Amino acid sequence: MKRVLSQSDFDRFAARSPAIARHRMIAVSVTAPSAEPFELPAAVATALARPFRRIVVFSGAGMSADSGIPTFRSGNNGLWKEFDPQDLATPEAWRRDKETVWGWYEWRRGLVSKAQPNPGHVAVAQLQREFGASVVTQNVDDLHERAGVTRVIHLHGSLFAARCFACDEPHELGMPQAEAHRRLMPPRCARCDDHVRPGVVWFGESLPEEAVRQASTLMRQCDLLLVVGTSGVVHPAAGMVNLVPRGAPVIEINPQAGQRSSRIDHSLQTTAAIGLPAVLRRLRAPA
Ligand code: OAD
């Protein structure tokens, strides 16, 4: 059952919720898992045995799961199993109880700040350096950037780009308040004195126009799409896969089998930390 956060809940949450306690433990003990040898199925190896000029990596929460960041919908510890998005990820939730919302995002910013990029992120950075790959993500963390990707298109915003709720003025955040399992008063905007909100896209809001424009162009032009760690249920981001031209292979990397999009040609049922290095190895030695 989904929990509705109340003021007192927030203070006692870590003790009362095994899932949250687990998230915290993972966050402090994060080590990048080493990439195991993984043999690509013959059909995928064949599909990758040609040069590509416009590779796009399209990532979701599963991309960072190997870094200890909880996803939203997978396994037993998906965030939306524990929390109700209506209480945390809508403009209405903010208007009702901004302290609860701000505290929850500060807690998540703390988790991300303690985590390290995993071998999947590192492989994506190498795909960019060696093959010019572009990265479009639904993730609000900064692990692609910290692995060395120079330009990441964030369709759902960023935990690190807070801005004023009223006037959109950007606000520079200090150290994350990582132990924030409690309500926290958000800072005030230096320009208009309204409250600063998390820089993420909430349900019912539009995606950032420029990011959508750039991502759509990349998808339309791409000749290989790698879809990593997304359940493919949140639109419009999920529909981007359908922009990829026929003839360009679309390869999914996700440990959970599922019919996420008819446009997916091949599914690698493995984690980002294992599947992406395997794809990179194949692209380096296509013969
Ligand atoms: P989800 O949590 O919906 O899906 C995560 C996917 O990652 C699932 O399909 C898992 O099977 C897969 N997965 C789990 N561990 C993995 C691993 N180690 N390697 C690869 N894949 C793994 O996350 P998203 O699809 O990103 O939106 O969710 C989309 C949006 O819904 C999010 O951006 C967020 C959420 O509500 C907003 O906050 C606006």
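A: What follows goes from the whole chain to helices, strands, a core and a ligand shell. This is a predicted model, in which local features need pLDDT of at least 70 and side-chain atom pairs count only at pLDDT 80 or more, while totals for chains, interfaces and linings use all residues. Residues are numbered from 1 along each chain as its sequence is written.

Q: How many helices and strands does the protein have?

A: Helices (H or I, at least four residues) and strands (E, at least two) are DSSP runs, numbered from the N terminus. The protein has 11 helices and eight strands.

Q: What share of the residues is buried?

A: A residue is buried if 20 or more other C-beta atoms lie within 10 Å of its own, exposed if 12 or fewer, and partly exposed in between, with C-beta atoms placed from the backbone. Buried residues make up 43% of the 287 residues here.

Q: Why is A211 partly exposed?

A: A211, in helix α10 (residues 209-221), is partly exposed because 19 other C-beta atoms lie within 10 Å. Contact means that the C-beta atoms of two residues, placed from the backbone, lie within 7 Å. Leaving out residues up to four places away in sequence, A211 touches I153, H154 and L155.

Q: How does the span of helix α8 agree with its number of residues?

A: The expected span of a helix is 1.5 Å times one less than its number of residues. Helix α8 (residues 119-131) has 13 residues and should span 18 Å; its end C-alpha atoms are 17 Å apart, which agrees. Just after α8, G132 takes a positive phi of about 70 degrees.

Q: What do the buried residues of α8 pack against?

A: They pack against β1 (55-59), β2 (134-137), α9 (143-147), β6 (224-228) and α11 (272-284). V124 is one of the buried residues of α8. The contacts of V124, not counting residues up to four places away in sequence, are V57, A133, V135, H144, A147, V149 and L276.

Q: Is α11 enclosed by the rest of the structure or open, and what covers its buried residues?

A: In α11, 10 of the 13 residues are buried, so the helix is largely enclosed by the rest of the structure. Its buried residues include A272, I274, L276 and L283. Among the elements that cover them are α8, β6, β7 and β8 (266-268).

Q: Which way do the residues of β6 point?

A: L224, L226 and V228 point one way and L225 and V227 the other way, and all are buried. Strands pair if DSSP finds at least two bridges between them. β1 and β6 run parallel, joined by five bridges, and V228 in β6 is the bridge partner of S59. β6 also runs parallel to strand β7 (residues 250-253), with four bridges; there, L226 has I251 as its bridge partner.

Q: Which residues have the most contacts inside the largest nonpolar core?

A: In soluble globular proteins, nonpolar side chains tend to be buried together. A nonpolar core is a set of buried Ala, Val, Leu, Ile, Met, Phe, Trp, Tyr and Cys residues joined through C-beta atoms within 7 Å. The largest has 64 residues, and those with the most contacts inside it are V56, V57, F58, V124, L225, L226 and V228. Its largest share, eight residues, comes from α11.

Q: How many residues surround the ligand?

A: A residue is near a molecule if its C-beta atom, placed from the backbone, lies within 6 Å of it. Here 26 residues surround the ligand, and the closest are G60, G62, F72, G229 and S231.
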